[in-house]
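Good morning, and thank you for joining.

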Amino acid sequence: MPLGSGRPATFFPAGSEIYAQGDLCASLYQVEFGAVRIYRLLSDGRRQISAFHLAGEMFGFEADKNHHFFAEAICSTGIRILSPSASHVVAELLPMALQSLVRAQEQLLVLGRQNAVERVAAFFLEMSERQGGLRQVELPMSRLDIADYLGLTIETVSRVFSKLKSKGVIRLPSLRNVEIVKLQTLQDMAA
């Protein structure tokens, strides 16, 4: 039985909570369509986004009984709610959990960088890779979401978008799409 088959997807409108920090972990979640942000609210009121999940990706892995972060639909999103004990889920759980771990480790490296351009370049490359290596990358998240993910301000993210566009490294066909024009240049910036 392929992963995600069985129960139909549950629809979550943009901005709706899938689970909250502290909620009991009873399920795993697979994005059928749309996108999800995983975040925590800091004591000073700021939001830190730790992950984005796109179609086909699973989330909700926890080491104990409660969620440590919030999960929220970025846009209209379909989520398949899975039992963590279902045999078809267990069989594919380890590779997906390891992929999530690799992404988290990569994110730690990105956040440790001094340069905002490097962070945004690495983000574009990550999103391209997650969408099959496409040069035309869909960004379901806002620039504020990207800023909260990269540990930058929205103004800095917007300036870097503009800088990369003016240098011909990217094109911005629409607000939520980026076309990577000079892939090698972007890779060099992120290295």
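Among contacts between residues at least 6 apart in sequence, what percentage join residues at least 24 apart? In this protein chain the value is 69%, where contact means heavy atoms within 4.5 Å.

Two remarks on provenance. This is a predicted model, in which local features need pLDDT of at least 70 and side-chain atom pairs count only at pLDDT 80 or more, while totals for chains, interfaces and linings use all residues. Residues are numbered from 1 along each chain as its sequence is written, and side-chain values use heavy atoms, with hydrogens and water left out.

Let me begin with the overall content. The chain comes to 5 helices and 11 strands; these are DSSP runs numbered from the N terminus, with helices being H or I of at least four residues and strands being E of at least two. Of its 191 residues, 42% count as buried. Buried means under 20% relative accessible area, exposed means over 50%, and partly exposed lies in between, for a 1.4 Å probe and protein chains only.

I turn to the nonpolar cores. A nonpolar core is a set of buried Ala, Val, Leu, Ile, Met, Phe, Trp, Tyr and Cys residues joined through side-chain atoms within 4.5 Å. The largest one has 36 residues, and the members that touch the most others are Phe123, Phe124, Leu139, Leu164 and Leu186. At least two residues each are supplied by β4 (35-41), β5, α2, α3 (143-150), α4 (154-166), β11 (177-180) and α5 (183-190). The largest share, 9 residues, comes from α2. As general background, nonpolar side chains tend to be buried together in soluble globular proteins.

Leaving aside neighbours within four places in sequence, Phe123 is in contact with Phe52, Leu139, Met141, Ile146, Tyr149 and Leu150. There is also a second, separate core of 13 residues, which includes Phe12, Phe59, Ala73 and Ile79.

Ile79 brings us to strand β8 (residues 77-82). Here 6 of the 6 residues are buried, so β8 is largely enclosed by the rest of the structure. In a regular strand the side chains alternate between the two faces of the sheet. In β8, Thr77, Ile79 and Ile81 point one way, whereas Gly78, Arg80 and Leu82 point the other way.

What pairs with β8? Strand β1 (residues 10-12) does so in the antiparallel sense over 3 bridges, and two strands count as paired if DSSP finds at least two bridges between them. Strand β3 (residues 28-33) is also antiparallel to β8, joined by 5 bridges. Ile79 is the bridge partner of Thr10, and Val31 stands opposite Ile79 as well.

Next, β4, in which 5 of the 7 residues are buried. β4 and β5 are antiparallel over 7 bridges. They form a hairpin with 5 residues between them, and Gly45 in the turn has a positive phi of about 95 degrees. β4 is also joined by 4 bridges to strand β7 (residues 70-73), again antiparallel, with Val36 and Ala73 as bridge partners.

Two arginines deserve attention. Arg47 is found in strand β5 (residues 47-54), where it is the bridge partner of Leu41. Is Arg47 buried or exposed? Arg47 counts as buried because its relative accessibility is 19%. Its side chain makes a polar contact of 2.7 Å with the side chain of Asp145, and another of 2.7 Å with that of Asp148. A polar contact is a pair of N or O atoms within 3.5 Å; within protein, one must be able to donate a hydrogen and the other to accept it, and residues adjacent in sequence count only if both atoms are side-chain atoms.

Arg130 lies in helix α2 (residues 116-130) and, at 14% relative accessibility, also counts as buried. A polar contact of 2.8 Å joins its side chain to that of Glu126. The C-alpha atoms of Arg130 and Glu57 are separated by 9.6 Å, with the two residues 73 apart along the chain.

Finally, the cysteines. The structure holds 0 disulfides, a disulfide being a pair of cysteine sulfur atoms within 2.5 Å. Cys25 is partly exposed at 22% relative accessible area, and Cys75 is partly exposed at 23%.
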